[in-house]
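Student: Could we go through this structure together? I keep meeting labels and would like to know where they come from.

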Amino acid sequence: LQEFARWGAANYPADNLAIVIWNHGAGWRPTRSSRQPERFRAVSIDNDTGNEISTQQLPDALSGTAQPIDALIFDASLMQMGEVA
């Protein structure tokens, strides 16, 4: 995600930067890969490879873009739960 955000901002410069993270997310359930302690949840889960982005990894993954992120959008239905907040 970090490399993609940097690449996109560098190759497609714009006045504003929005990043959309898509997937259902794990919601309140433990992630499928079970690589993270049960208290952490994930989004952008790839069922084929088992790769995922845990919620605590998001700040690091989104840092270092060429410009500030103006809009961070989650198209992840299960991530809107109060338990995730």
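Tutor: Let's take the labels one by one, each with its rule. This is a predicted model, where local features need pLDDT of at least 70, side-chain atom pairs count only at pLDDT 80 or more, and totals for chains, interfaces and linings use all residues. Residues are numbered from 1 along each chain as its sequence is written, and side-chain values use heavy atoms, with hydrogens and water left out.

Student: What is the secondary structure of the chain?

Tutor: There are two helices and four strands, in the order α-β-β-β-α-β along the sequence. Helices (H or I, at least four residues) and strands (E, at least two) are DSSP runs, numbered from the N terminus.

Student: Why is phenylalanine 4 called exposed?

Tutor: Here's the rule: buried means under 20% relative accessible area, exposed over 50%, and partly exposed in between (1.4 Å probe, protein chains only). Phenylalanine 4 has 57%, so it counts as exposed. You'll find phenylalanine 4 in helix H1, residues 2-11.

Student: What makes Phe4, Trp7 and Tyr12 a patch?

Tutor: Patches take residues with over 30% relative accessible area and no salt bridge; like charges are joined within 9 Å, and nonpolar side chains (Val, Leu, Ile, Met, Phe, Trp, Tyr) within 5 Å. A salt bridge, by the way, is a side-chain nitrogen of Lys or Arg within 4 Å of a carboxyl oxygen of Asp or Glu. Phe4, Trp7 and Tyr12 form a nonpolar patch on the surface, with about 420 Å² of accessible area together. Such areas come from the Shrake-Rupley method with a 1.4 Å probe; for residues, only the protein chains shown count as cover.

Student: How many aromatic pairs are there?

Tutor: Rings of Phe, Tyr and Trp (its six-membered ring) pair if their centres lie within 6.5 Å; planes under 30 degrees apart count as stacked, over 60 as edge-to-face and the rest as tilted. That rule gives two aromatic pairs. In one of them, the rings of tryptophan 7 and tyrosine 12 have centres 5.6 Å apart and planes at 70 degrees, so this pair is edge-to-face. Ring pairs also link Phe4, Trp7 and Tyr12 into a cluster.

Student: Why is glutamine 67 called buried?

Tutor: Its relative accessible area is 18%, and that is under 20%, so glutamine 67 is buried. Glutamine 67 sits in the loop between helix H2 (58-61) and strand S4 (71-75).

Student: What is glutamine 67 in contact with?

Tutor: Contact means heavy atoms within 4.5 Å. Leaving aside neighbours within four places in sequence, glutamine 67 touches Ala14, Asp15, Asn16 and Leu17. A polar atom of its side chain lies 3.3 Å from the backbone oxygen of alanine 14.

Student: Are alanine 9 and alanine 66 buried or exposed?

Tutor: Alanine 9, in helix H1, has 6% relative accessibility, so it is buried. Alanine 66, in the loop between H2 and S4, has 62%, so it is exposed. Alanine 66 and alanine 9 are 57 residues apart in sequence and 6.0 Å apart in space, C-alpha to C-alpha.

How values were computed. Polar contact = N/O pair within 3.5 Å; in protein donor to acceptor, adjacent residues only side chain to side chain.
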